[in-house]
Amino acid sequence: MARRRVTGADVAAEAGVSVSIVSLVLNGKDSGRANQATRDRVHAAAQRLGYRIDRRGRSLATGRTGIVGYVAPDVATPFFSSVQMGLLSELSPEYQVLTVVTALGQTVSQESVRRLLDLGVDGLIISTVESDLVTSLNPSCPVVILDSPGRQKDLPRVNLDVGGSARELARHLTGLGHRRFAYLDIDTRTRTLEARRRAFTDEARKASEQVGVVVARSPIDVTAAYDSVAGNWPSWRDSGVTALVCGSDLQAFGALAALRDLGVGVPEEVSVAGADDQPMSRIVQPSLTTVKLPSFELGSLGARELRKAMDGPDAVARRPLVLPTRLEIRESTGSAPGTRRPSPR
């Protein structure tokens with residue numbers, strides 16, 4: 001015999017509140033209507049009874065599906081998984097977040113966005129967009145763009161100050177006497193990565209006419225970065241490279257391992273820097289100088305902007321919101337060989 005479906009009225013009776021309060025609390029719309037003790041009783045009652053929101057019924061009644069789409073180039077790497085956790089912190093449990101990941105090494109495509117639009121999602125959050133593809137699809141739901149400087153200017157956007165942190169890193173390394181750099185970029189060629197690399201290169205060249213930068217690329221993968229650095233190091237060494245800048249901490253971890261196996265001292269012979277500031281960056285040996293990118297905050301702020309857009313377009317910021325980044329100086333960067341500047345600790 002099939003078990004009877006638990007209703008909101010059952011939860012209300014169990015918690016000792018009205019059905020309307022149950023609906024407001026479980027849909028995250030109880031601000032100013034219920035105190036924390038009431039919220040706790042409702043959630044506890046719903047959990048004891050095994051209550052689940054009937055999203056199909058709510059969709060028919062409200063015209064909303066309770067689903068938000070998230071499109072990203074990757075969710076396996078620490079940066080994008082942290083962005084996703086930031087989204088969930090703001091959208092759950094009211095919304096189910098449906099994630100679509102593009103093919104490895106590729107940016108967001110029209111097909112990726114179209115798949116979610118076809119499902120009738122209430123809103124879309126898209127990370128790392130490379131063209132005006134969203135506008136061309138004319139979506140019927142609100143859209144927020146993350147980490148895509150200079151794109152989708154007619155849509156709400158949340159970006160990271162990647163240029164500012166790249167310039168700060170360049171000043172740090174040139175201040176230590178470095179003039180020849182290797183730059184191990186991420187193989188997904190996005191405007192964000194281009195802006196970061198260009199800002200670093202332009203700022204470094206302000207220090208001296210002798211500054212040179214050679215560029216290589218690899219996926220955001222420890223092994224791939226290891227292989228790239230191991231293969232390129234002889235030519236980098238012969239060209240006088242004394243500092244290696246990596247597009248991500250995972251690549252920097254691979255670089256540190258490759259240099260260690262090659263017998264190259266870090267930072268005595270070459271300095272290494274990354275980007276992301278992953279937890280491991282503090283405990284690898286030597287600890288990694290890196291740019292802290294607030295990925296969780298990027299996701300949570302993007303989700304808040306989407307909520308505003310779903311409530312009404314007039315509530316959304318007209319200009320892109322920009323989150324600050326920060327350089328974390330640790331043991332992996334030091335004075336260029338032949339200089340007398342002390343290594344920062």
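The following conversation concerns a predicted model of one protein chain.

Biologist: How many helices and strands does the chain have?

Modeller: The predicted model shows 12 helices and 12 strands.

Biologist: And what share of the residues is buried?

Modeller: Of the 345 residues in the chain, 52% are buried.

Biologist: What does the accessible surface come to, and how much of it belongs to carbon and sulfur atoms?

Modeller: The accessible surface of the chain is about 16300 Å². Carbon and sulfur atoms hold 49% of that area.

Biologist: Let us turn to the backbone. Which residues does the cis peptide bond with omega of about 10 degrees join?

Modeller: That cis bond joins Val266 and Pro267. Pro267 belongs to the loop between helix 11, residues 249-261, and strand 9, residues 271-276.

Biologist: What is omega for the peptide bond from Gln285 to Pro286?

Modeller: Omega is near -5 degrees there, and the bond from Gln285 to Pro286 is cis.

Biologist: Where does Pro286 lie?

Modeller: Pro286 is found in the loop between strand 9 and strand 10, the latter covering residues 289-292.

Biologist: Which other residue has its place in the loop between strand 9 and strand 10?

Modeller: Asp277 has its place in that loop. Its phi is near 60 degrees, which is a positive value in a residue other than glycine.

Biologist: Is Asp277 buried or exposed?

Modeller: Asp277 counts as buried, because its relative accessibility is 10% and the cut-off for buried is under 20%.

Biologist: Now Asp147: what is its phi?

Modeller: Phi of Asp147 is near 55 degrees, again a positive value in a residue other than glycine. Asp147 sits in the loop between strand 4, residues 143-146, and strand 5, residues 157-160.

Biologist: Why does Asp147 count as buried?

Modeller: Asp147 counts as buried because its relative accessibility is 8%.

Biologist: A change of topic: how many disulfides does a search of the whole structure find?

Modeller: The search finds zero disulfides.

Biologist: And the cysteines Cys141 and Cys246, are they buried or exposed?

Modeller: Cys141 has 11% relative accessibility, so it counts as buried. Cys246 has 2% relative accessibility, so Cys246 counts as buried too.

Note on methods. Residues are numbered from 1 along each chain as its sequence is written. This is a predicted model: local features need pLDDT of at least 70, side-chain atom pairs count only at pLDDT 80 or more; totals for chains, interfaces and linings use all residues. Side-chain values use heavy atoms; hydrogens and water are left out. Helices (H or I, at least four residues) and strands (E, at least two) are DSSP runs, numbered from the N terminus. Buried means under 20% relative accessible area, exposed over 50%, partly exposed in between (1.4 Å probe, protein chains only). Accessible areas come from the Shrake-Rupley method with a 1.4 Å probe; for residues, only the protein chains shown count as cover. A disulfide is a pair of cysteine sulfur atoms within 2.5 Å.
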